[in-house]
Amino acid sequence: MTYKTNSNIVYSCKYHVVWCPKYRRDVLVDGADVRLRGIIQEVCRETSSEILELEILPDHVHLLVEADPQFGIHNVIKRIKGRSSRILRQEFRWCRTRLPSLWTNSYFVSTVGGAPFEVIKQYIEQQKSV
């Protein structure tokens, strides 16, 4: 396992994030998917987040990303969704005409990697006896 560092913490925070266009419409097609990939890469560079895997389907996005816990995964996703909504709606007319807003307000996020819950729980319980 590799760790990242910023000015005051060492971390390994990997997240699986999934989000959808409003009404789960198939709007991430015909170049919008390619443009979205570029926007996500740009935002991740700006926020010092590392894209581990990215898959854009016509009606949803899967992102596996490592993000700085001080910046927060919520802020990374908020920037991606905000910027991509503005840019995609400007550049692709069907994103404007078929939807009142590009993205739903919600998304799924789950932490990934590290030791299983039971192993960590057992480790913490054993610390008292050491």
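Me: Before we discuss R83, what does contact mean here?
Reply: Contact means heavy atoms within 4.5 Å. The structure is a predicted model.

Me: Which residues does R83 touch, leaving out those up to four places away in sequence?
Reply: With those neighbours set aside, R83 touches I39, E42, V43 and E46.

Me: And where is R83 placed?
Reply: R83 belongs to helix α2, which covers residues 73–91.

Me: What does the side chain of R83 make a polar contact with?
Reply: The partner is the side chain of E46, at 2.9 Å.

Me: Changing topic: how many aromatic pairs does the structure hold?
Reply: There are two aromatic pairs. One of them joins W19 and W103 in an edge-to-face arrangement, with 6.0 Å from centre to centre and 75° between the planes.

Me: Which parts of the chain does that pair link?
Reply: The pair links distant parts, 84 residues apart. W19 lies in strand β3 (residues 14–19), while W103 lies in the loop between α3 (93–97) and β6 (108–112).

Me: Is W19 buried or exposed?
Reply: W19 is buried, and W103 is buried as well.

Me: Why is the pair of F92 and W94 tilted?
Reply: The ring centres of F92 and W94 are 5.1 Å apart and the planes stand at 55°, so the pair counts as tilted. Edge-to-face would require planes over 60 degrees apart, and stacked would require under 30.

Me: Is F92 buried or exposed?
Reply: F92 is buried because its relative accessible area is 13%, and the limit for buried is under 20%.

Me: What does W94 count as?
Reply: W94 counts as partly exposed, because its relative accessibility is 25%.

Note on methods
Residues are numbered from 1 along each chain as its sequence is written. This is a predicted model: local features need pLDDT of at least 70, side-chain atom pairs count only at pLDDT 80 or more; totals for chains, interfaces and linings use all residues. Side-chain values use heavy atoms; hydrogens and water are left out. Rings of Phe, Tyr and Trp (its six-membered ring) pair if their centres lie within 6.5 Å; planes under 30 degrees apart count as stacked, over 60 as edge-to-face and the rest as tilted. Helices (H or I, at least four residues) and strands (E, at least two) are DSSP runs, numbered from the N terminus. Buried means under 20% relative accessible area, exposed over 50%, partly exposed in between (1.4 Å probe, protein chains only). A polar contact is a pair of N or O atoms within 3.5 Å; within protein, one must be able to donate a hydrogen and the other to accept it, and residues adjacent in sequence count only if both atoms are side-chain atoms.
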